[in-house]
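Subject: Structure handover

Hello,

Here is the structure I promised to pass on. Please open it and keep it beside this email while you read.

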Amino acid sequence: MTEAYDDWGLATRAIRAGHIRTAEGEHSEPIFTTSSFVFQSAAEAAARFSGDEPGNIYSRFTNPTVACFEQRLAALEGGEACVATASGMSAILATCMALLKAGDHIVSSRSIFGTTNVLFNKFLAKVGISTSFVPLSDLSAWEAAIRPDTRILYAETPSNPITELGDIAALADLAHARGLLLVVDNCFCTPALQQPLALGADIVIHSATKYLDGQGRCVGGAVVGDAKLVGEEVFGFLRTAGPTMSPFNAWVFLKGLETLQLRMRAHSENALQLARWLERQDAVEQVYYPGLQSHPQYALAQRQQKAAGGMLSFVVKGGREQAWRLIDATRMISITANLGDTKSTITHPASTTHGRLTDEEKELSGIEDGLIRIAVGLEDIEDIQHDLEAGLAN
Ligand SMILES: Cc1ncc(COP(=O)(O)O)c(C=O)c1O
């Protein structure tokens, strides 16, 4: 992170960090929709390509609107460098392709986003990078899974969908004692609620598609960390392989970031109220939400996060049949896989986001048939509750 932002609070950084303005004096950030940049001479072109002179060349490498988003997110996460990607998945792929080679090994928390699991198990395995999965909250299992060829510890906290927590500072200590990197997917909390780098993580992953956008408009991602690992190595992979962010999407994410602080606080307030209400419903067997005192890691959530966030899940009595009935009985909440939107969304993980896991993987990750995930939006809480009442009464 550049020195210039040290004095600013998070809300100011989210609105102003990295701001660019052209000679026209526009107030909102400009969108540079151009694939390449023009040089004054052949010598200037050569100097840009050789790196002797800074400046833009081609939008697969750098683009001013994308750079503005990168600087703003780096300032929010407290990282030296950020690279923006075409999606959250390409942020994870770019990190692994840049930092790992055939024969390397990852230790990952078991309860991760289903597609991340497929990326590790199917595609990285195909190029000789293997992964062992461990329970997120069991530090001794992480330690036991580390091998001589391990390079990365990979965690998602809170986890998707059952909001299990990993102790970032403890995982960072473990990683560094063994010469490894800790990579944390900070998608659920965002830097408004949790800053993994300050807790010792080396790299932060984002699906910008979620809360960074905040209104479900664009797909994008980002990797944040130090100048060498992220600014050179991950950037080097991206400019070569190409899954970079479009300038238009970067602009949408910039607009999203401006309200990140306010939204994350409001999502957390609504989710806490909904979680408490769900706990009182007879049809509900269990509620997973880190802001509830009944959450097994409530103390860690209080220490590690500024608030518990907008994601919760719960198990209804009656398994899949009852879960589908409840989902189908909603009239306002959107049945969709995305999360982090102002609009509340509802999904059945076992048959959608985590449908490609084996039965054993589902069981180990707590993805049971009666589990429902809600990304609690910013509608009036009474309306969200009212929309769930019909299905709970069935
Ligand atoms: C925790 C988490 N990480 C990563 C991703 C992947 O992001 P994207 O869909 O932007 O590729 C998702 C998507 O849902 C997610 O929930």
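One term first. A residue is buried when its relative accessible area is under 20%, exposed when over 50%, and partly exposed in between, using a 1.4 Å probe and protein chains only.

Now the ground rules. This is a predicted model: local features need pLDDT of at least 70, side-chain atom pairs count only at pLDDT 80 or more, and totals for chains, interfaces and linings use all residues. Residues are numbered from 1 along each chain as its sequence is written, and side-chain values use heavy atoms, with hydrogens and water left out.

**The whole chain**

The chain holds 15 helices and 12 strands. These are DSSP runs, numbered from the N terminus: helices are H or I with at least four residues, strands are E with at least two. The radius of gyration is 21 Å, close to the 21 Å that the globule rule gives for 394 residues, so the chain is as compact as a globular protein of that length. That radius is taken over C-alpha atoms, and the rule is 2.2 Å times the number of residues to the power 0.38. Along the principal axes, the C-alpha atoms fill a box of roughly 75 × 50 × 35 Å.

Of the 394 residues, 55% count as buried. Take the contacts (heavy atoms within 4.5 Å). Among those with a separation of 6 or more, 72% come from residues 24 or more positions apart.

**A five-stranded sheet**

In what order do the five strands of the open sheet lie? The order is β8-β9-β12-β11-β10, and the pairing is mixed. Two strands pair if DSSP finds at least two bridges between them.

Look next at β12, residues 371-375. Five of its five residues are buried. Leu371, Arg373 and Ala375 point one way, while Ile372 and Ile374 point the other way.

β12 pairs with two strands described here. With β9 (residues 311-316), the sense is antiparallel, over five bridges. There, phenylalanine 314 stands opposite isoleucine 372. With β11 (residues 345-347), the sense is also antiparallel, over three bridges. Arginine 373 of β12 is the bridge partner of threonine 347.

β10 and β11 pair in the parallel sense, over two bridges. Isoleucine 335 has isoleucine 346 in β11 as its bridge partner.

**Backbone details**

Go to the loop between β4 (150-156) and α7 (168-177), where proline 158 is found. The peptide bond from threonine 157 to proline 158 is cis, with omega near -5°. Proline 161 has its place in that loop too. The bond from asparagine 160 to proline 161 is cis, with omega near 10°.

Threonine 163 also lies between β4 and α7. Its phi is near 50°, a positive value in a residue other than glycine. Is threonine 163 buried or exposed? At 1% relative accessibility, threonine 163 counts as buried.

Finish at threonine 190, in helix α8 (residues 190-193). Threonine 190 is not a glycine, yet its phi is positive, about 65°. At 1% relative accessibility, threonine 190 counts as buried.

Best wishes
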